[in-house]
Amino acid sequence: DTARSGFRFVLAARNDPPRFEIAKSIPAINGGQKIQIAGWAANMASGPQDESTQKLAFEVVAVEAADLLVGIPNVDANGTIALEAKVGVSGRARFQVRLHDNGDSSTGHANTSAWQVFVVGVNAAPSVTLPVNVFSMVQNTSASPGSLTVSDEETSVSNLTVVRTSSNSALMPPESVAVSGTGSNRKLTL
């Protein structure tokens with residue numbers, strides 16, 4: 001005699017973690033600059049086809065030097081990242097980003113992707129200090145109002161180039177503006 005017994009397994013679907021990839025790098029940005037990069041995050045998916053109705057949202061947290069930016073970067077549901085650098089700072093900020101889903105309607109089990117790291121380089125803009133704010137001179141003559149002072153936190157002053165422009169090229173053509181020297185103090189001649 002043998003006795004039989006049975007049991008039944010019920011295998012319920014589980015909520016797979018969402019997934020995405022960082023598709024674009026973030027260029028170094030200048031202090032005070034705001035940027036948006038569409039398609040920064042790509043290939044977002046809530047899981048297999050049976051989870052396609054789940055809502056997705058990104059979470060970004062600071063790892064290092066977040067004070068270089070105005071707030072934490074934001075990544076929208078379409079994968080566009082938006083961020084703004086503070087003025088007068090430079091360095092590299094590190095962040096982590098992951099993707100959340102809202103789970104399924106029957107069990108509510110939400111899930112998250114693995115963390116991914118990204119870096120934002122912030123470059124403080126070079127500075128130029130003019131010798132005077134207003135300078136008068138006789139027409140058809142040349143004169144020097146003094147020296148410009150140039151500086152940059154990331155670049156040696158010997159590698160800085162001063163570009164000549166004029167807001168009124170009929171009165172003061174750019175080629176009539178001369179800047180000489182290679183150090184932090186450069187002679188300005190008009």
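Figure 1. At 33% relative accessibility, R94 counts as partly exposed, because the partly exposed class lies between under 20% (buried) and over 50% (exposed). The side chains of R94 and E64 meet in a salt bridge, with 3.3 Å from N to O. R94 belongs to strand β8 and E64 to strand β5, so the pair ties together parts that are 30 residues apart in sequence.

**Figure 2. Close-up of the salt bridge between E59 and R98.** How many salt bridges does the structure hold? The structure holds two. In the one shown here, the side chains of E59 and R98 meet at 2.7 Å, N to O. E59 is located in strand β5 (residues 56-64) and R98 in strand β8 (residues 91-101), so this pair ties together parts that are 39 residues apart in sequence. E59 has a relative accessible area of 23% and is partly exposed.

**Figure 3. Close-up of the largest nonpolar core.** In soluble globular proteins, nonpolar side chains tend to be buried together. The largest nonpolar core of this model has 22 residues, of which I26, W40, F118 and V120 touch the most other members. At least two residues of this core come from each of β3 (34-37), β5, β7 (81-84), β8 and β9 (116-123). Which strand gives the most to this core? Strand β8 does, with four residues.

**Figure 4. Close-up of F118 and the residues it touches.** F118 is one of the core residues that touch the most other members. Leaving out residues up to four places away in sequence, F118 touches I22, I26, W40, V60, P73, I81, A93, R94, F95, Q96 and V97. Among these is R94, whose side chain also meets that of E64 in a salt bridge. I26 and W40 are likewise touched by F118.

Figure 5. E51 is found in the loop between β4 (41-45) and β5. Is this glutamate buried or exposed? At 4% relative accessibility, E51 counts as buried, because buried means under 20%. Apart from its neighbours within four places in sequence, E51 is in contact with R14, N15, D16 and S46.

**Figure 6. Close-up of M137 and a nonpolar surface patch.** V132, F135 and M137 make a nonpolar surface patch of about 210 Å². M137 lies in the loop between β10 and β11 (146-151). This methionine is partly exposed, with a relative accessible area of 30%. Which residues does M137 touch, not counting those up to four places away in sequence? They are S142, A143, M172 and L190. M137 and L190 are 53 residues apart along the chain, and their C-alpha atoms are separated by 8.8 Å.

Figure 7. The protein chain has a mean pLDDT of 86, and 95% of its residues reach 70 or more. Where is confidence lowest, and where is it highest? It is lowest in strand β10 (residues 127-129), at a mean of 83, and highest in strand β6 (residues 74-75), at 97. Where pLDDT is low, the predicted coordinates should not be read in detail.

Technical notes. Residues numbered from 1 in each chain as written. Predicted model: local features only at pLDDT ≥ 70, side-chain atom pairs only at ≥ 80, totals over all residues. Heavy atoms only, no water. pLDDT = per-residue confidence, 0-100. Patch = residues over 30% accessible without salt bridge, like charges linked within 9 Å, V, L, I, M, F, W, Y side chains within 5 Å. Areas by Shrake-Rupley, 256 points an atom, 1.4 Å probe, with all protein chains shown as cover. Salt bridge = Lys/Arg side-chain N within 4 Å of Asp/Glu carboxyl O. Buried < 20%, exposed > 50% of the residue type's maximum accessible area, 1.4 Å probe, protein only. Contact = heavy atoms within 4.5 Å. Core = buried A, V, L, I, M, F, W, Y, C linked by side-chain atoms within 4.5 Å.
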